[in-house]
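Hi everyone, thanks for coming. Let me put the sequence and structure up, and then we'll walk through a contact surface and a single residue.

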Amino acid sequence: MTAQASTFAAAPVSDSAPHPCTIVIFGASGDLTARMLLPALYNLALDRRLPPRLSILCYARTKWTDEAFREEARKNVEKHSRRPIDPDVWDSFAAGIFYSYGGYDDPEGHDRLNERLREVEAERDTGGNRLYYLAVPPTTFIGIIEQLGRAQAQGKGGEGWSRVIVEKPFGVDLASARELNRAVHSVFDEDDVYRIDHYLGKETVQNILVFRFANGIMEPIWNRRYVDHVQITVSESLGVGSRGSYYNGSGALRDMLQNHIMQLLSLVAMEPPLAIDGRSVRNEKVKVLNAVRLFEDDEVAMATARGQYGPGWVAGEEVPAYHEEEGVPGGSQTETFAALRLFLDSWRWAGVPFYLRTGKRLPKRSTEIAVSFKPAPQLLFHDFVEKPHLEPNVLSIRIQPNEGISLKFLTKVPGSPPRMRPAAMDFLYGASFVAQAPSAYETLIMDALQGDATLFTRSDEVEAAWTIMERVLSGWSSMPPLELPNYEAGTWGPAAADELIERDGRQWRRL
Amino acid sequence: MAQALDHEDRELSWTGRAVDIDRIEAELTKLRYFTAGDPEGAEGFAIRTSLVNVVVYAEDDDIAAQASRVIEDLAAHHPSRALVVIARPSEDESRIDASLAAHCHLAPGVDQQVCCEEITLHVSGRAAFHLHSIIVPLLIPDLPVVVWWAGPLPDKSHLIEELCEVANHLIVDSSRFADQLGDLARIREFASLHDCAIGDLNYERLRPWRDLVEQHTGTAGLGDWLSSVKSAEIRYTEQTKQPPAQAILFLAWLAEHCAWDLGSVSARGSDRLTLKQNEREIPVYLEPVKYEGVGRGWLVSIKLAFERDGEAALLSVSRTGDPLHVTVRTELPDGVREDHVRIPACDSQTVLMHQLDTAPHDPEFVRLLIAAAPLIQATRN
């Protein structure tokens, strides 16, 4: 594998156009392909960022012809693309879409796929470069990987490079993640494996690195000396919807904390990398995860909180309890809310708590990292203050919605008597950069085509994150079952979450 | 059905019927982008700013429109994200109609506009019983939340409790209460059950009266007489048969100022009260009078008569024919002095601004309300 220009490289990405190749999408009839992948690829085509002669060979169980699938694809792109269809661009894009059918671990289907793949490669002169995209349920990963390995052993691999993109969740615990890594590594080198966490493709998440390491004023204060604590919140107002059956086997910890929030934690807490490339950045991220102090079972009760939503009102609509959702079994103990307090045993962050929380059916959708700084050392403005203490400076990085960064600071209210009031210096991403940003999937697919793995998770990162989560899961399993539901839909989670942070004399931010 | 954002001089607006919160948020984002920067670059940048979330509860569209004008006028001093909520819980259909507006003002001395966002929500049916679920997603994170209850208190408390779940500070106007004294008692009970600070615009209107009494009883002249009040008289513009909240709140303040025992209050009718100071009885007369130019139940004059060692003194503060001027008269054994003083306008904008300036962390009103409980009880009976 040859690493090419990073998303962050000085030269514009368009100067390092990716090589012609074929993207093989497993799970072509699924929701992810319809809502995210095809619209992302179409938007890349619209921006003329795709390599010449790019081919997309879609594979699923449904028996479709190329034409029928193209029609279906057009409908989905029309529905989900961030920009309308340009007929000329669509015609050219659709001409590169092909379809083959079969079961995910079915040798016959894969033989048919490989034959079709070689035809497409020859017809469109893609040089045998292949990007496999596993947009399928995790239970089918290993079967597909094995079939890809079988094809390789039979000499049916491409002449050029072969990469694989794997969607989350990568395992359901440490053991399954390791098993999956072993299976993937039996066919692909780690450098050719692109584990997607779509959060990393978001502009604002990438901007964390730029904000921290391209601005000289941040780094000197980004440490235990100045930072009091950090809060990372991923709140959703939606419930589990039609995913009840899947979600019930997962829960908030596996669905959000193990991946998205651990990635945000890594980016916020990492040391400056030697360079902005896949190896250097991921080396530093994994160090953060390895520095997380692991819980003993008896610490879990005090350092974590979990809950499940009951019925309530969200955004003016009445919503059912989790256990009333479709596909959720009665008596489920699955958590729809989780909060942790973590400490990092590192020189930079010793003693600084990181409070993490995520949940469904919370009052609003919001993903935010808030760095709360220590107060001024001496209270000079006794007569100005309206509270017995000064409000801390808080730097909040809004990942979604209203992407941006704001810094809260105290300012004097004009006039007399003298008073201070918090004000926010607000940077609104979309208002400063009027052009619409590419979607996370556009960014990540483009990076995978270019061989840049900076924004993808590495096997050791995945395993380190699971190691942390396993301690939490172990602690929870040793505790008596909870009385559920324990929070009303439309509230900020169970009382235990407030107690978790209030024991330290702090409060969750009001988002 | 929704209209597109319009750009009309200094106001951008959008209206939508039967919309969900996601749609409102999306339109708000558009509004923020419009106000934050003009893509054409023709007019320079507008500054979108907010220091506080102000949630206004209005009983009807007229009160909402008045409140909206007040909020807009306050924008230069207290730039806010304003949510004006009109709840109609009795309607059958549960739905939200919304309109958004950005009010922009030219900042002094610079060629930039300062913009504030206002969201007006008509919430009908069952959704009106769950206002916090609608309001919370629309608040700007991490800024204080002030709820201004702009009209009379509702018969049942659930709406006000709904709003106070999200509030740091509740502002009421007891002059608009239907049963002013009864509703003051409800506010007192409410304060004992909820964390949010409470302020009253009607009490804020007493600020010039309190300041004048404090000034004139703090001087060498009348300062020595403060413990020798013989009687007090409070006159107010006519309203209902009960004395108005403003008069009772002033009396409660005066009692504390003069160290009278509020627990000792007894009433002979609702217009003649007696308080005690060290077993000495002090009669207080409450009297409605005709006066044009101020709200119903507002103070028109106060008079304190003093008697000490066979000598008499007097302090009176009376509105002149101009509601913005008062005459302050002091009579001491060694002479009479009369001053004409201009007092601030006590319109909603002025008193709300004072509240936003000071009251969020000023517990005086609630403390006074608790102390005044026997007074309110005696006057109501």
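**Where chain A meets chain B**

Across the interface of chain A and chain B, the rule finds 3 salt bridges, each being a side-chain nitrogen of Lys or Arg within 4 Å of a carboxyl oxygen of Asp or Glu. One salt bridge joins the side chains of A:Lys408 and B:Asp142, at 3.2 Å, N to O.

Some housekeeping: this is a predicted model, where local features need pLDDT of at least 70 and side-chain atom pairs pLDDT 80 or more, while totals for chains, interfaces and linings use all residues. Residues are numbered from 1 along each chain as its sequence is written, chains are lettered from A and ligands numbered from 1 in the order in which they are written, and side-chain values use heavy atoms, leaving out hydrogens and water.

Back to the interface: 29 residues of chain A contact 32 residues of chain B, with contact meaning heavy atoms within 4.5 Å. Together the two chains bury about 2,700 Å², 53% of it on carbon and sulfur atoms; that is accessible area (1.4 Å probe) lost on being put together, summed over both parts. On the chain A side, A:Trp313, A:Arg421 and A:Arg510 supply 27% of the area buried against chain B, more than any other three residues.

Now, a residue I'd like you to look at: is A:Asn223 buried or exposed? A:Asn223 counts as buried because its relative accessibility is 17%, and buried means under 20% (1.4 Å probe, protein chains only). A:Asn223 also touches A:Arg348 and A:Trp349, not counting residues up to four places away in sequence.

Methods. Buried < 20%, exposed > 50% of the residue type's maximum accessible area, 1.4 Å probe, protein only.
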